[in-house]
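Hi everyone, thanks for coming along. I'd like to walk you through one structure today, so let me put it on the screen.

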Amino acid sequence: NNNQSSTPWNSSKDQKLAQFMDDWVPTMNRQYEKYSGHGNIRTKSGMEYPSEFGQTTVNGTNDSIGWAPSGKGPYAYNVVAIYNYDRPGNAATHITYAFAFHDGEPVAPVDQSTNGTPDWTPTKNTDVSGNFAKIAAGGSSSF
C-alpha cells in the first residue's frame, strides 16, 4: 500500500507507541494520559493541547508545532501523539511529550514548564526517543 509509505505515521504505529508507553510507564511509576485526537488534553500547568501549541516555543524559538496525525503537516514539528503526566501534589508540575516529525525525522520533545511560555525541548530519555524512532521506522519498540 503506497499510502502507508507516503505518511510517516499511521494507526498501527500509534498502537505500537501506545503499547511502548504502557510497558515503559510503570517502570517510571507514572500514569500518562494519551491524547485521544479529539478536543484537548489539559496539563497541570493549565495548557491545553493541541489548541495551545501556537502559544509555545520549541528549543526557545518560534518554530511552529501543531497536531498533524499523519506526521505530514504545515508545521516545523508535526505532532502525531501527545502524552501527559501530571505529578501528584499542589505544584503545576507535569511531563508532556509531543511525539512529532521534524523535517521528516521522528523527534520526541517534552514540556515540563510550570509558568511562562511552555518550551518544547528534546527529551533526554533515550528509552522514549529511541523507541519512538524505531516505531516510526516501521519496527517495534524493544522495551
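Let me start with a question: how do the residues of the lining of the largest pocket divide into nonpolar, polar and charged? Before I answer, please keep in mind that this is a predicted model. The lining has five nonpolar residues, four polar ones and four charged ones.

Let's stay with that pocket for a moment. It holds about 160 Å³ of space, and 13 residues line it. Nearest the pocket's centre you'll find Tyr 97, Val 110, Gln 112, Thr 123 and Lys 124. Which elements give two or more residues to the lining? Those are strand S7 (94–102), strand S9 (109–111) and strand S10 (119–122). The largest share comes from S10, with three residues.

Now look at the loop between S9 and S10, where Ser 113 sits. Is Ser 113 buried or exposed? Ser 113 counts as buried, because its relative accessibility is 17%, and the cut-off for buried is under 20%. The side chain of Ser 113 also makes a polar contact, at 2.4 Å, with the side chain of Asp 111. If we set aside neighbours within four places in sequence, Ser 113 is in contact with Ser 45, Ala 92, His 94, Pro 118 and Asp 119.

Next, the aromatics. How many aromatic pairs does the structure hold? There are 15. Let me show you two of them. Trp 24 and Tyr 32 form a tilted pair, 5.9 Å centre to centre with 40° between the planes. Trp 24 is buried, with a relative accessible area of 0%, and Tyr 32 counts as buried too, at 9% relative accessibility.

Tyr 32 then pairs with Tyr 97, again tilted, at 5.9 Å centre to centre and 35° between the planes. That pair links distant parts of the chain, 65 residues apart: Tyr 32 is in the loop between helix H2 (11–24) and strand S1 (33–34), while Tyr 97 is in strand S7. At 4% relative accessibility, Tyr 97 is buried as well.

You'll remember Tyr 97 from the pocket, where this residue is among those nearest the centre.

Conventions: Residues numbered from 1 in each chain as written. Predicted model: local features only at pLDDT ≥ 70, side-chain atom pairs only at ≥ 80, totals over all residues. Heavy atoms only, no water. 1 Å grid on protein atoms, 1.4 Å probe; cavity = no way out; pocket = protein on both sides within 12 Å on 5 of 7 lines; lining within 4 Å. Points joined across faces, edges and corners; volume = space filled by probe spheres on them. Helix = DSSP H or I, 4+ residues; strand = E, 2+ residues; numbered from the N terminus. Nonpolar A, V, L, I, M, F, W, Y, C, P; charged D, E, K, R; others polar. Buried < 20%, exposed > 50% of the residue type's maximum accessible area, 1.4 Å probe, protein only. Polar contact = N/O pair within 3.5 Å; in protein donor to acceptor, adjacent residues only side chain to side chain. Contact = heavy atoms within 4.5 Å. Phe/Tyr/Trp six-rings, centres within 6.5 Å; stacked < 30°, edge-to-face > 60°.
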